[in-house]
Structures are given as structure tokens and as C-alpha cells.
Amino acid sequence: MISYNINFNYWHFSLAVVVVVFIPNLGVAKQSKIDGLKMNVINRCWRLNPEWRMNRPQLATCSIGYTGKMTNNTGKDLVHYKVMDPSDDPISPKPGTLRYGASVIQHKVWITFQKDMHIKLKRPLLISSFTTIDGRGVNIDIAENACLMIFKATNVIIHNIRLHHCKPQAPGVVMGPEGKVIPLGHVDGDAIRLVTASKIWIDHNTLYNCQDGLLDVTRGSTDVTISNNWFRNQDKVMLLGHDDGYIRDQNMKVTVVYNHFGPNCNQRMPRIRHGYAHVVNNLYLGWVQYAIGGSMRPSLKSEANLFIAPTKGSKEVTWRKNSHADGDAWEFYSVKDAFENGASFTMTKGGQVPKPNYNEEQRFNVVNVKYVRLLTRSSGVLRCTKTGLC
């Protein structure tokens with residue numbers, strides 16, 4: 001604020017006027033963005049470096065939660081592969097296409113894209129182990145037909161991709177994750193589906209409007225981190241656990257952190273069967289049926305999330321499938337969450353809050369819930385400037 005004293009002498013009187021000029025602080029929004037970036041330990045790891053394009057594999061050191069560090073995806077034997085052709089052949093992929101890099105190359109591979117692309121896959125893309133799909137710096141949409149599957153693979157990163165309008169696929173044949181054509185049964189219209197997969201990191205993607213769900217972790221998949229994604233405009237969002245009878249999912253461990261759910265999400269954020277999930281520092285912008293639900297004695301720790309209930313409909317965050325056999329064996333706990341617009345969380349009575357028991361490379365600090373809006377403001381696909389900053 002700047003004050004000026006101006007004296008006006010006219011005829012026989014004098015008038016003193018104080019003029020107050022307000023100069024807006026144009027740096028507030030930028031400073032807020034920087035503060036959120038610094039609190040988000042994944043983003044802080046690489047986004048402050050304007051030269052990230054020169055060392056893309058640095059990203060692999062930034063993962064947290066159950067996936068641990070993804071440094072198995074780097075090293076001297078890493079193949080750098082650039083997608084130049086948006087076309088797709090599910091049986092005989094051409095060099096330069098996404099499917100050739102993700103399914104045919106049987107080495108550690110870091111996939112980038114030459115330019116903006118809209119890719120319409122003819123069949124589900126089965127991603128090989130030790131594969132990174134890195135869409136930073138360009139706009140990549142995989143949409144309007146088949147989408148992604150991680151089938152019996154390990155050490156996979158999916159980063160900065162838009163996945164939307166994914167459709168179910170009839171049985172057929174497709175290039176498998178080991179570079180061989182294999183039969184594939186019916187596939188639901190999910191954006192990303194994990195089947196017997198491990199050590200998977202899904203980060204900074206935007207997912208919406210798919211015919212089934214957006215992200216399924218099924219059939220014994222474990223050691224998964226789902227971070228910095230934007231899930232919106234969807235009925236069934238995220239499923240953890242294949243079905244009530246699939247006992248192997250008892251060993252499932254998933255971290256769900258820094259994600260933005262909504263607007264227009266109905267349910268399953270996530271829905272968990274068996275297994276354990278640490279759901280932490282996420283923003284929930286409403287729901288219709290529920291936000292977090294499950295069956296078959298799952299364990300879930302909800303920590304420092306912000307739940308903003310819808311104006312109309314259910315205010316309750318949780319849902320539990322009724323089962324007389326399960327009794328009161330649920331372990332749903334809320335720790336340091338915040339609730340707005342009348343939201344409520346029905347916790348398990350008694351017992352102890354299940355701990356994630358992270359090892360050293362998985363561990364991270366939980367941020368106070370009052371900063372969740374800042375933590376998640378850049379969730380989803382990042383727009384990177386020509387100067388290099390994202």
C-alpha cells in the first residue's frame with residue numbers, strides 16, 4: 001500500500017486528500033504453487049530442476065510408498081525409445097509405435113514421445129517388465145478404445161498420460177508382455193488394469209469417462225503406489241482386489257497418495273477387498289454413493305485426507321458390504337482427516353490402527369491435512385513450459 005498526501009489550494013480554503021493505491025501481490029499464486037510443490041515429496045524430487053529433460057530417469061528415484069524406489073528401471077543397460085508413430089498393430093507392431101516399445105523390446109526401456117499424440121489402441125496394450133512410459137513435455141491421449149494392462153509384469157512406471165473413454169474388448173490375440181503373441185480373454189473397459197503385477201507406480205495421469213473403471217489392482221498384484229493422479233467424471237473409480245473369493249489378494253499392499261478425486265465421481269475411491277491400503281493426503285471433491293468402501297476384511301488407514309461431502313446425497317465417506325461371516329472384522333480407520341460440508345467417516349470400533357510398516361525407501365512424511373489443496377493442485381497430467389519447468 002502506498003499513501004500520497006496531496007494539497008489543493010484554491011481560493012480561500014485548503015483541502016488535504018489522502019489517496020490510497022492498492023498494488024496487488026502478483027506473486028501470491030506463484031508462491032502458493034511453489035509451496036505445494038515443495039511439500040509434495042515426489043514433485044520436489046524432480047520438478048524444481050529445469051533440466052529434467054536431460055536426465056529423465058531421475059524420476060525413478062522419486063517414488064514413495066509400497067512401490068519403493070524404481071531404480072530397477074534405470075542403469076547403463078537402459079534403452080531409450082521414442083514413439084514417433086501413433087498407429088497401432090496389436091499383433092505385429094511397427095518400430096516407432098508405442099506397442100513396439102512397451103511389448104516387443106525385452107530390456108529396460110524408457111519410452112518418450114516425439115510430439116503430441118492421440119493414440120487409439122486396437123487391442124489392450126500389455127506392458128513388459130522394467131518399462132517406463134513417460135509422457136512429460138507433450139500431450140499424450142490414449143483413448144476411445146482399448147487401454148492399458150500390466151499382466152504378470154513387474155517394475156512398471158506410467159507417468160503423465162491422459163486415459164479416457166476406454167472400452168471393453170472381446171477375446172482375441174495380442175502381442176504379450178514377453179514379445180510373443182498370446183490369446184487374451186474378454187477385457188473390461190478399464191483405463192489401467194493390473195493383473196498379477198508387482199512394483200508398479202502410477203503417477204501424474206488424468207483418467208476419466210471409461211466404461212468400467214479407471215484403475216483396477218487385481219489377482220495378487222501388490223507393492224503399488226498410485227500418486228498425483230486426477231480421477232474425474234466416473235462411476236467406478238478404483239478397485240483394489242479381484243473378487244471376494246480371490247484369497248491371494250490378502251497379500252496386496254497399495255499406497256494411494258496426493259490424488260485428486262472429482263468432480264463427478266460416484267464410488268470406489270477406492271473399493272478394497274482383502275489386503276491393505278494406506279490412503280493419505282488425497283482430496284475428495286464429493287461422491288454419490290460413497291468414497292471408500294470394501295468387503296472381505298480389508299485393512300485401510302485413511303490419513304490426512306480432505307473429504308468434501310456433496311451438497312446432496314450421502315455425506316458418509318465409507319461403505320461396507322454386509323456379510324454375516326465377516327462380523328465386525330473391518331479395519332477402517334481415519335487418522336487426522338478433515339471433513340467439510342457435513343462429511344463423516346464411520347470407523348472400526350476398538351482395535352488398533354493398522355500401520356503401513358514401510359521400509360526406509362518406501363517411507364515418507366505425511367503432510368498436515370490443511371495443506372491438501374496445495375499438495376494436490378497439480379494432480380493429473382502436467383503442462384511443461386518451453387523453459388523446462390512443469
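Eight strands line up in an open sheet with parallel pairing, in the order β6-β9-β14-β17-β21-β25-β28-β31. Strands here are DSSP runs of E with at least two residues, helices are runs of H or I with at least four, and both are numbered from the N terminus; two strands pair if DSSP finds at least two bridges between them. The edges of the sheet are held by β6 (125-126) and β31 (318-320), each with a single partner strand, so one side of each is left without a neighbour in the sheet. Strands of a sheet pair through backbone hydrogen bonds, either parallel or antiparallel. Within this sheet, β21 (residues 238-240) and β25 (residues 271-273) pair in the parallel sense over 2 bridges, and leucine 240 stands opposite isoleucine 272 in β25.

The model is predicted, so to speak of local features requires pLDDT of at least 70 and to count side-chain atom pairs requires pLDDT 80 or more, while totals for chains, interfaces and linings use all residues. Residues are numbered from 1 along each chain as its sequence is written, and side-chain values use heavy atoms, with hydrogens and water left out.

Turning to the chain as a whole, its secondary structure comes to 4 helices and 33 strands. Of its 390 residues, 55% count as buried, where buried means under 20% relative accessible area, exposed over 50%, and partly exposed in between (1.4 Å probe, protein chains only). The chain exposes about 17500 Å², of which carbon and sulfur atoms supply 53%; accessible areas come from the Shrake-Rupley method with a 1.4 Å probe, and for residues only the protein chains shown count as cover. Among contacts (heavy atoms within 4.5 Å) between residues at least 6 apart in sequence, 64% join residues at least 24 apart.

Several features gather around β25. A cis peptide bond joins methionine 269 and proline 270, with omega about 5°, and proline 270 lies in the loop between β24 and β25. Another cis peptide bond, with omega about 10°, joins glycine 262 and proline 263; proline 263 is in the loop between β23 (260-261) and β24 (265-267). Most residues other than glycine have a negative phi, and most peptide bonds are trans. Histidine 274, in the loop between β25 and β26 (276-280), has a positive phi near 55° and counts as buried at 3% relative accessibility. Asparagine 281 also has phi near 55°; this residue sits in the loop between β26 and β27 (283-285) and is buried, with a relative accessible area of 0%.

Arginine 56, between α2 (41-46) and β3 (79-83), is buried at 16% relative accessible area and touches Trp110, Thr112, Asp134 and Arg136, not counting residues up to four places away in sequence. Lysine 355, between β33 (338-340) and α4 (372-375), is exposed at 61%. The C-alpha atoms of lysine 355 and tyrosine 276 are separated by 9.5 Å, although these residues are 79 apart along the chain.

Finally, the largest cavity has a volume of about 60 Å³. Of the 13 residues that line this cavity, the closest to its centre are Pro124, Cys147, Val187, Asp188 and Asp190. A cavity is a set of points, on a 1 Å grid over the protein atoms alone, where a 1.4 Å probe fits but cannot get out, and lining residues have an atom within 4 Å of a point; grid points are joined across faces, edges and corners, and the volume is the space filled by probe spheres set on the points.

Note on methods: On a 1 Å grid over the protein atoms alone, a cavity is a set of points where a 1.4 Å probe fits but cannot get out, and a pocket is an open set with protein on both sides within 12 Å along at least five of seven lines; lining residues have an atom within 4 Å of a point.
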